[in-house]
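Biologist: I would like a close look at one part of this model, and then at how the surroundings are put together. Please keep to what can be computed from the atoms.

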Amino acid sequence: MLIWYVATALAGVWAVFDSPALDYRFVMVGAVLPVGEVVLGRPGPLHSLVTAVAVLALVMAATQGRRLLRRRLLGIPIGLLAHLVFSGSWADTDAFWWPLTGIGLSDAQPPELARGALSVLLELAGIGLGLWWVRRVGLDDRAARDEFRRTGRLPRAGTSPVQGTC
């Protein structure tokens, strides 16, 4: 499962933050990084809230005085946090709170494998969400896609469906 995590992270982060300065390419990277832990056969440190917060703190500490680099790298912990939400990692206490619940990793299957056939439906839903999002933010235009590839920025700031509702 990759498309589900990319699409939900992009659409969710866009709907919540709608930031013209955020590099959404790094959000995508952060959203799929935990999928690599499938080779462990169980959720690893990237399925932990503690790890995501530690990565956020590391980015903030390492980029003091380098605003543009910070803006770019913040996408990684944001993507990690989105993955925790959209994978359902929070349902596995040992994985989600690792290492606060003990040094050993969770014995459960990684959420990417635990769903079985439902994973196919989630991927299809991710494709649909991704297509909707691409059109909604204007990435169906070739020039906008080229700009997105170069900068990670979206062409239409201020188009979030929840903007202005608070």
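Which residues does Ser 106 touch, not counting residues up to four places away in sequence?

Modeller: The model is predicted, so local features need pLDDT of at least 70 and side-chain atom pairs count only at pLDDT 80 or more, while totals for chains, interfaces and linings use all residues. Residues are numbered from 1 along each chain as its sequence is written, and side-chain values use heavy atoms, with hydrogens and water left out.

Ser 106 touches Arg 42, Pro 43, Asp 92, Asp 94 and Ala 95, once residues up to four places away in sequence are set aside; contact means heavy atoms within 4.5 Å. Ser 106 belongs to the loop between α6 and α7. At 3% relative accessibility, Ser 106 counts as buried. Buried means under 20% relative accessible area, exposed over 50%, and partly exposed in between, with a 1.4 Å probe and protein chains only.

The loop between α6 and α7 also holds Pro 99. Trp 98 and Pro 99 are joined by a cis peptide bond, with omega at about 0 degrees. Most peptide bonds are trans, and most residues other than glycine have a negative phi. Asp 18 sits in the loop between α1 and α2 and is buried, at 11% relative accessibility.

Next come the aromatic rings. A search of the whole structure finds 3 aromatic pairs. Rings of Phe, Tyr and Trp (its six-membered ring) pair if their centres lie within 6.5 Å; planes under 30 degrees apart count as stacked, over 60 as edge-to-face and the rest as tilted. The pair of Tyr 24 and Trp 133 is tilted, because the ring centres are 6.4 Å apart and the planes stand at 50 degrees. Tyr 24 is in helix α2 and Trp 133 in helix α8, so this pair ties together parts that are 109 residues apart in sequence. Tyr 24 is buried at 0% relative accessibility, and Trp 133 is buried as well, with a relative accessible area of 4%. Another pair, Phe 96 and Trp 97, is edge-to-face, with 5.1 Å from centre to centre and 85 degrees between the planes. Phe 96 has a relative accessible area of 12% and is buried, whereas Trp 97 is partly exposed at 35%.

Tyr 24 and Trp 133 return in the largest nonpolar core, which has 18 residues; they are among those with the most contacts inside it, together with Trp 14, Val 27, Leu 139 and Leu 154. A nonpolar core is a set of buried Ala, Val, Leu, Ile, Met, Phe, Trp, Tyr and Cys residues joined through side-chain atoms within 4.5 Å. At least two residues of this core come from each of α1 (3-17), α2 (24-32), α5 (75-87), α8 (118-137) and α9 (142-151). The most comes from α1, with 6 residues.

Of these contributors, α5 can be followed residue by residue. It is mostly covered, with 10 of its 13 residues buried. The buried residues of α5 are Gly 75, Ile 76, Pro 77, Ile 78, Gly 79, Leu 80, Ala 82, His 83, Leu 84 and Ser 87. Their cover includes α1, α2, α3 (49-62) and α4 (67-73), and also α6 (93-96) and α7 (111-114), the two helices on either side of the loop that holds Ser 106. Just after α5, Gly 88 takes a positive phi of about 80 degrees.

To return to the request: Ser 106 is buried, and its contacts beyond four places in sequence are with Arg 42, Pro 43, Asp 92, Asp 94 and Ala 95.

How values were computed:
Helix = DSSP H or I, 4+ residues; strand = E, 2+ residues; numbered from the N terminus.
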